[in-house]
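Here is a walk through one model, residue by residue and then as a whole. Have the structure open as you read.

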Amino acid sequence: MKTACNYCGAWHDLDDTCAGRTIRCTACGKSFIAPTDLALTGQRHLLASFPVASLVLLHYLTAGAFSVMYLNLLHERMPRLRRDDPSATVALGLCFIPVFNLYWFAFSFHRLCARINEQRQFAGLPELAPSWLAIPVGVLFACGLTATFFTTAGFYVWGIIGAVALPVFAGMVQHSINELCEQQATPMAAPVA
Ligand SMILES: [Zn+2]
């Protein structure tokens with residue numbers, strides 16, 4: 001968990017077992033009580049490691065369906081820090097709303113990267129989730145959804161999405177999550193009492 005010192009406001013990364021216990025601030029030396037588990041429920045992300053190779057394999061085995069589902073469901077695994085941060089149901093559901101989904105893929109993928117990067121920042125890691133790739137991938141989806149009605153063009157666009165754009169994006173997203181989970185598996189501070 002991430003918590004600020006009551007006296008000087010310095011941020012501390014604490015092991016979850018510190019909840020409700022007295023912590024000594026390394027910045028100002030004063031002691032304060034870390035928030036209890038209850039106060040932290042909903043703040044903690046539930047992202048989990050998953051091998052990038054398996055994700056890419058599942059992507060190809062399911063013709064991309066796995067990646068679309070998996071990426072949108074990730075929204076559920078992070079605290080909702082903005083009013084329009086979608087839940088998994090909303091994120092996945094809106095992919096199937098005609099016309100609106102032309103916009104939705106870009107929004108969902110871009111916000112997903114922003115939310116992961118936020119969690120990485122809290123953990124002191126650089127922003128590695130590919131926000132820059134989210135919009136182009138979303139635009140390709142919009143093109144694909146539109147081009148479906150023009151046969152040949154749609155075939156090529158969906159080919160690019162399925163063969164390259166989506167597996168690369170999903171792989172990079174998962175890599176940024178794996179690194180975060182790996183880093184957080186090591187507790188960084190211990191309680192003093
Ligand atoms: Zn302090």
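Predicted model: local features only at pLDDT ≥ 70, side-chain atom pairs only at ≥ 80, totals over all residues.

## Asp84, out in a loop

Asp84 sits in the loop that links H3 and helix H4 (88-93); helices here are DSSP runs of H or I with at least four residues, strands are E runs of at least two, and both are numbered from the N terminus. Is Asp84 buried or exposed? It counts as exposed because it has 8 C-beta neighbours inside 10 Å. The scale works like this: 20 or more other C-beta atoms within 10 Å of a residue's own makes it buried, 12 or fewer makes it exposed, anything in between is partly exposed, and the C-beta atoms are placed from the backbone. As for distance, Asp84 and Leu55 are 29 residues apart along the chain, with 27 Å between their C-alpha atoms.

Numbering starts from 1 along each chain as its sequence is written.

The mean pLDDT (the predictor's confidence in each residue, from 0 to 100) is 89 for the chain, and 91% of the residues score at least 70. Helix H2 (residues 52-61) has the highest confidence at 98, whereas helix H1 (residues 37-40) has the lowest, with a mean of 52.

## The overall layout

Going along the sequence, you get β-β-β-β-α-α-α-α-α-α-α, which comes to 7 helices and 4 strands. The chain splits into domain 1 (2-40) and domain 2 (52-184), with bounds from an automatic or database domain assignment. Their centres, taken over C-alpha atoms, are 35 Å apart.

Along the principal axes, the C-alpha atoms fill a box of roughly 70 × 30 × 25 Å. Of the chain's 193 residues, 26% count as buried.

Helix H7 (residues 152-184) has 33 residues and spans 47 Å from first C-alpha to last, close to the expected 48 Å, which is 1.5 Å times one less than the number of residues. H7 also bends by about 45° at Ile161, the bend being the angle between axes fitted to the seven residues ending there and the seven starting there.

Now for the largest nonpolar core: it has 26 residues, and Phe109, Val137 and Val173 have the most contacts inside it. Such a core is a set of buried Ala, Val, Leu, Ile, Met, Phe, Trp, Tyr and Cys residues joined through C-beta atoms within 7 Å. Two or more residues each come from helix H3 (65-73), helix H5 (101-122), helix H6 (131-147) and H7, and H7 supplies the largest share, 10 residues. Setting aside neighbours within four places in sequence, Phe109 is in contact (C-beta atoms, placed from the backbone, within 7 Å) with Leu71, Ala134, Val137, Gly138 and Phe169.

Cys113 lies in helix H5 and is buried, because 23 other C-beta atoms are within 10 Å. Not counting residues up to four places away in sequence, Cys113 touches Ala129, Pro130, Ser131, Ala134 and Val173.

Ala147, in helix H6, is partly exposed because it has 17 C-beta neighbours inside 10 Å. Beyond four places in sequence, its contacts are Ala153, Gly154 and Val157. Ala147 and Val157 are 10 residues apart in sequence and 7.8 Å apart C-alpha to C-alpha.

Technical notes: Contact = placed C-beta atoms within 7 Å.
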